Amino acid sequence: MSSSPALSARGSKLALLVVGLCWLAVLFDGLDMFIYGSVLPHLLETKTFGLTPDRAGDLGSYATFGMLVGALTAGTVADRIGRKQLMIGCVTLFSLASGICAVSGSVAVFGLGRTLAGVGLGGLLPTAISMVSDYARGGRVAITIGLLMTAHHAGGILSAYVAKWLVEPVGWRAAFWVCVLPLLFVPVLLKFLPESLSFLVAKGRTEEARTLAGRYEVELPAATGKKTAADRWDALLGLFRGGEWSQTLLYWLASFGGLLLVYGVATWLPTLMRGEGYELGSALTFVVVFNLGGIVGMLVAGRAADRFGAPRISAIWFALTAVGVYLLSIHMATGVTMVVVFLTGVFLNSAQTMIYATVSIRSTPDNRATAVGWTSGMGRFGAVFGPWLGGQLLAAGNGDWGFTAFALAGVSSMVFIGIAALRSARQPQRSNDQEELVAAH
């Protein structure tokens, strides 16, 4: 294949196009994910639908349960219809689901909207990561995926501003109508987003894939044999053979606590900060600062892990997260609180990603994808449990324990990942398939 400057330039432009379109899609994903937590203080104050804290926690869990379903089925659906079509379907689904929330007249209808939105949200991120991995320029896959992940936190920042600007003057429904606007992005994806090269090759559309790859000087992926159901079950059973069962369970428990913490804080941060005496505007500003920290954390955690080891960084990050989350239960000067919220954002999200890095490092190449995927899947149950737990604590009049409970989840993940690292007797080669680590999040 030619490597002329003209072709290289076109290849770079194609990579930029794909990454840019996927970044915007993930931005909308983050907006839709975080918007519920951003409007929740207002919903509780106005007793919309007669909403109580425990019911609000249930509603938060509906979206994360939908994400569990979406994440688990995304691979199968993408294999059938293609990654481009799945991305378009996911954006369409969570946008329309937000419309259901905006027009809902009852908790049941609102909950249906959040569940459907979760399915779309759960399927989009791993699909977008696969897309950018196909088109990232040589040697830039990891940094490209890291850049893509910042879009999710940028969406969280946007959700806080949407709530801040619209909820008080217009009403909470306006915030969900904003989340319908990504529907306008669907025609753009239809026209400009190319199909995944890996999908085209896997489906035997080799000439179409070769033409596209040659036009933009993108490396054509090699055809891989499709795994049978027996192969997948054997890889799963391999996680429990010999002494591996204890390692596997420790990783799963660490992931459960990590995602409980991530999604519990994402759902309840504004409400808990209101409970600590901060005004609604300040509470939403904390969401902005928290997600800014998340962006920084995603960019620096990998470098720290490369130098000091992913297991060590994950354990330390969880310890620092637990300290930060616990400190938020103490009413401090606003400036000090802002710093604590920012640092908590830095450590919290990337601590969970380092669990996946640890699992990948400790796994053999033939079962690495299975190990990371199941660690992520078990963690998703924590993502469902976290929002529910916060609601139950508030409903019982124990809102002050909200931050403490989430801090304890961080401590538990620190302990589990630390023990797993100490007990590990194998040191396989690290994988360069960074998409496995980030897609699992």
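Biologist: As I understand it, helices (H or I, at least four residues) and strands (E, at least two) are DSSP runs, numbered from the N terminus. How many helices and strands are there in the protein?

Modeller: The protein has 17 helices and zero strands. This is a predicted model, in which local features need pLDDT of at least 70 and side-chain atom pairs count only at pLDDT 80 or more, while totals for chains, interfaces and linings use all residues. Residues are numbered from 1 along each chain as its sequence is written, and side-chain values use heavy atoms, with hydrogens and water left out.

Biologist: What share of the residues of the protein count as buried?

Modeller: Of its 441 residues, 56% are buried. Buried means under 20% relative accessible area, exposed means over 50%, and partly exposed is in between, with a 1.4 Å probe and protein chains only.

Biologist: And the contacts, what share join residues at least 24 apart?

Modeller: That share is 83%, among contacts between residues at least 6 apart in sequence. Contact means heavy atoms within 4.5 Å.

Biologist: Let's take the loop between α1 and α2. Where is Lys47 found?

Modeller: Lys47 sits in that loop, between α1 (5-45) and α2 (53-81). Lys47 is not a glycine, yet its phi is positive, about 50°.

Biologist: Is Lys47 buried or exposed?

Modeller: Lys47 has a relative accessible area of 61%, so it is exposed.

Biologist: What about phi of Phe49?

Modeller: Phi of Phe49 is near 60°, again a positive value in a residue other than glycine. Phe49 is also placed in the loop between α1 and α2. Its relative accessibility is 28%, so Phe49 counts as partly exposed.

Biologist: Moving on to α2 and α3. How do their axes cross?

Modeller: The axes of α2 and helix α3 (residues 83-103) cross at roughly 125° and come within 7 Å. Axes are lines fitted to C-alpha atoms, for helices over the stretch in contact, and angles run from 0 to 180 degrees between N-to-C directions. At that angle α2 is oblique to α3, as angles under 35 degrees count as roughly parallel, over 145 as roughly antiparallel, 65 to 115 as roughly perpendicular and the rest as oblique.

Biologist: Which residues make the contact?

Modeller: α2 brings Ala74, Val77, Ala78 and Ile81, and α3 brings Arg83, Gln85 and Leu86. By class, five residues are nonpolar, one is polar and one is charged. Here Ala, Val, Leu, Ile, Met, Phe, Trp, Tyr, Cys and Pro count as nonpolar, Asp, Glu, Lys and Arg as charged, and the others, Gly among them, as polar.

Biologist: What does Thr127 touch?

Modeller: Thr127 touches Ala74, Arg83, Leu86 and Met87, leaving aside residues up to four places away in sequence. Thr127 is in helix α4 (residues 107-135) and is buried, at 4% relative accessibility.

Biologist: Now α13. Which helices do its buried residues pack against?

Modeller: They pack against α11 (244-275), α12 (280-308), α14 (334-362) and α16. Among the buried residues of α13 are Pro311, Trp317 and Phe318.

Biologist: Staying with α11, how do the axes of α11 and α12 cross?

Modeller: They cross at roughly 145° and come within 8 Å. The crossing is right-handed; a crossing is left-handed if the near helix is turned anticlockwise from the far one by less than a right angle, and right-handed if clockwise. The contact includes Val265 and Leu269 of α11 and Leu280 and Phe290 of α12. It has ten nonpolar, no polar and one charged residues.

Biologist: And α11 with α16, how do those axes cross?

Modeller: The axes of α11 and α16 come within 8 Å and cross at roughly 160°, which makes α11 roughly antiparallel to α16. Their crossing is left-handed. The contact residues divide into 18 nonpolar, nine polar and one charged.

Biologist: How far apart are the end C-alpha atoms of α16?

Modeller: They are 33 Å apart, which agrees with the 33 Å that its 23 residues (401-423) should span at 1.5 Å a residue. The expected span is 1.5 Å times one less than the number of residues.

Biologist: Last one: where does Trp374 lie?

Modeller: Trp374 lies in helix α15 (residues 368-395). Trp374 is partly exposed, at 35% relative accessible area. Trp374 and Leu239 are 135 residues apart in sequence but 9.7 Å apart in space, C-alpha to C-alpha.
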